[in-house]
Amino acid sequence: QVQLVESGGGLVQPRGSLRLSCAASGRTFTRYVMGWFRQAPGKEREFVAAMWWSAKSPSYANSVKGRFTISIDNDKNTVYLQMNNLAPEDTAVYYCAARVAGSTWDSGDWGQGIQVTVSS
């Protein structure tokens, strides 16, 4: 059973930074793609970033490109999302997700989510 546990969220001022962590367990993730999604109040869940477990081929939503960085520490089984130059529109619940390569995100595993609030 895959378990994904997010941490590192909270309140930050505009133009500030946060680093989210996602501790992954329950599988050997070699053939997995790891991702971050977010859902703001009243909006649908949206893709933020993803990367192969091998730490190759990162991809980003246009809205976060150049500000957010996804990375993976294979030894610690942890996925990170470094978020810089945060803006109020980045306020959302952020979810860590894992899917087997070739499958869909909807069929994958999800964390419980963590709140990020950007406000002065």
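How many bridges join S5 to strand S6? The count is 2, and the two strands run antiparallel. Strand S6 covers residues 59–60. Keep in mind that this is a predicted model.

Let me stay with that hairpin. S5 and S6 have 6 residues between them. Ala55 in this hairpin takes a positive phi near 70 degrees. Now look at Ala49. Its bridge partner in S6 is Tyr60. Ala49 also stands opposite Trp36. So much for one side; on to S4.

Strand S4 spans residues 32–39, and strand S5 spans residues 46–52. They run antiparallel, joined by 6 bridges. The hairpin of S4 and S5 has 6 residues between the strands. Here Gly42 is the residue with a positive phi, near 80 degrees.

Next, the open sheet. It has 4 strands, in the order S1-S3-S8-S7, with antiparallel pairing. S1 and strand S7 (68–73) stand at the edges. Each has a single partner strand, so one side of each has no neighbour in the sheet. From one strand to the next, the twist averages 15 degrees. S1 connects to strand S3, residues 18–25, through 5 bridges. Within that pairing, Ser7 stands opposite Ser21 in S3.

Take Glu6, which is found in strand S1, residues 3–7. What is the nearest side chain of opposite charge to Glu6? It is Arg45, 10.0 Å away. Glu6 is buried, yet has no salt bridge. Backbone nitrogens do approach its side chain. The one of Cys96 lies 2.8 Å from a polar atom of the Glu6 side chain. The one of Gln112 lies 3.1 Å from a polar atom of that side chain. Beyond its sequence neighbours, Glu6 touches several residues, including Trp36, Tyr94, Tyr95 and Gly111. Cys22 is also one of its contacts.

Then Thr78. This residue is found in strand S8, residues 78–83. Its relative accessibility is 10%, so Thr78 counts as buried. A polar atom of its side chain lies 2.9 Å from the backbone oxygen of Lys76. Among the residues that Thr78 touches are Ser21, Cys22, Trp53 and Ile72.

Last topic: charges. Side chains of opposite charge can pair when their charged atoms come close. How many salt bridges does a search of the whole structure find? The search finds 4. Start with Arg38 and Glu46. Their closest N and O atoms are 2.5 Å apart. Arg38 is buried, with a relative accessible area of 5%. Glu46 is partly exposed, at 35%.

Arg38 also meets Asp90 in a salt bridge, 2.9 Å from N to O. Arg38 lies in strand S4, and Asp90 in the loop between S8 and strand S9 (92–100), so the pair ties together parts that are 52 residues apart in sequence. Both Arg38 and Asp90 are buried.

Asp90 meets Arg67 as well, at 2.8 Å, N to O. Arg67 lies in the loop between S6 and S7, so this pair with Asp90 ties together parts that are 23 residues apart in sequence. Asp90 counts as buried because its relative accessibility is 1%. Arg67 is buried too, at 16% relative accessible area. Shared partners join Arg38, Glu46, Arg67 and Asp90 into one network of salt bridges.

Glu6 is buried with no salt bridge. Asp90 is buried, and its side chain meets Arg67 in a salt bridge.

Notes
Residues numbered from 1 in each chain as written. Heavy atoms only, no water. Buried < 20%, exposed > 50% of the residue type's maximum accessible area, 1.4 Å probe, protein only. Lys, Arg positive; Asp, Glu negative; His and termini not counted. Polar contact = N/O pair within 3.5 Å; in protein donor to acceptor, adjacent residues only side chain to side chain. Contact = heavy atoms within 4.5 Å. Pairing = 2+ DSSP bridges. Axes fitted to C-alpha atoms, helices over the stretch in contact; angles between N-to-C directions. Lists of a residue's contacts leave out its neighbours within four places in sequence.
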